[in-house]
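Here are my notes for your read-through. Please keep the coordinates open as you go.

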Amino acid sequence: MKIFLALSVYCCVSYVALSATIPLHKKSIDPNHVPSSVCESMVPLHNDSVPSTTPPPYTITASKVKTAPGEVIEVHVKGIDGAKFLGLYMQARLYGAGAEAVGKFVPENLQVNSAIRISSCLPGSENAISYISREAVDDLRLQWEVPEDMSGKVYFKATFVESFSKFWVDVDSDPVEISAQTLSPIPVS
């Protein structure tokens, strides 16, 4: 019995020691890994890594510059000159109103790629989207729904991850104007 106990303790200690020597970026990826603690800053928790200060090789483009409450618009994230990313974390925010995520990323986004997840940043829900994978991509087209009671301007803010230690935060799209008048019928004379 003492031998069995000693062997069990040795195995557990060896496993813990071996696990501690594997860098975090080599461990398996948790698809639901974006913690709610980064909702505001959108900075990945990658040990001591800091965001890149070089211009990001990525763009975010909305399918419309003007839209109406309740509409769904496409948001295109793309690498410039084929630049690829392993990770993306994105939200829509009301222009000039702080860091609260608004709107909703629709469930159809989950069919675009199996590494896409929709998460919630309080007080809203389903208002953040992420792509995290070991398979780099250079292009994603995602769907975002405008809240029924919203007017003003929104923009899309994202973090792009090229590698565990190289990432960009505060990558913004141009603003999208939201107005109920956007879809008003044109009077017929």
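How far apart are the closest N and O atoms in the salt bridge between lysine 157 and aspartate 172? The points below start there. Note that this is a predicted model.

1. **Lysine 157 and aspartate 172.** The closest N and O atoms of this salt bridge are 2.9 Å apart. Lysine 157 sits in strand β10 and aspartate 172 in strand β11, so the pair ties together parts that are 15 residues apart in sequence. Aspartate 172 is partly exposed, at a relative accessible area of 39%. Lysine 157, by contrast, is buried, at 8%.

2. Shared partners join Lys157, Asp170 and Asp172 into one network.

3. **Glutamate 74 and arginine 141.** The count of salt bridges in the model comes to 6. One of them joins the side chains of glutamate 74 and arginine 141, at 3.0 Å from N to O. It links distant parts of the chain: glutamate 74 is in strand β3 (residues 72-79) and arginine 141 in strand β9, 67 residues apart. Glutamate 74 is partly exposed, at 24% relative accessibility. Arginine 141 is partly exposed too, at 42%.

4. **The open sheet.** Four strands make up an open sheet in the order β1-β3-β9-β6, and the pairing is antiparallel. Why is one side of β1 and of β6 left without a neighbour in the sheet? Both strands, β1 (58-62) and β6 (104-105), stand at the edges, and each has a single partner strand. Strands β6 and β9 (residues 139-145) run antiparallel and are joined by 2 bridges. Across this pairing, lysine 104 stands opposite glutamate 145 of β9.

5. Tyrosine 58 and phenylalanine 160 form one that is stacked, with 4.5 Å from centre to centre and 10° between the planes. Here too the pair links distant parts of the chain: tyrosine 58 lies in strand β1 and phenylalanine 160 in strand β10 (residues 152-163), 102 residues apart. Tyrosine 58 and phenylalanine 160 are both buried.

6. **An edge-to-face pair.** The ring planes of tyrosine 95 and tyrosine 155 stand at 90°, with centres 5.9 Å apart, so this pair is edge-to-face. Tyrosine 95 is in the loop between β4 (85-94) and β5 (101-102), whereas tyrosine 155 is in strand β10; the two are 60 residues apart. Tyrosine 155 has a relative accessible area of 12% and is buried.

7. **The ring cluster.** Which residues do ring pairs link into a cluster? They are Tyr58, Phe85, Tyr131, Phe160 and Trp168.

8. **Serine 179.** This residue lies in the segment after β12 (176-178). Is serine 179 buried or exposed? Serine 179 counts as buried, at 17% relative accessibility, and the cut-off for buried is under 20%. Leaving out residues up to four places away in sequence, serine 179 touches Thr67, Ala68 and Pro69.

Notes:
Residues numbered from 1 in each chain as written. Predicted model: local features only at pLDDT ≥ 70, side-chain atom pairs only at ≥ 80, totals over all residues. Heavy atoms only, no water. Pairing = 2+ DSSP bridges. Phe/Tyr/Trp six-rings, centres within 6.5 Å; stacked < 30°, edge-to-face > 60°. Buried < 20%, exposed > 50% of the residue type's maximum accessible area, 1.4 Å probe, protein only. Contact = heavy atoms within 4.5 Å. Salt bridge = Lys/Arg side-chain N within 4 Å of Asp/Glu carboxyl O.
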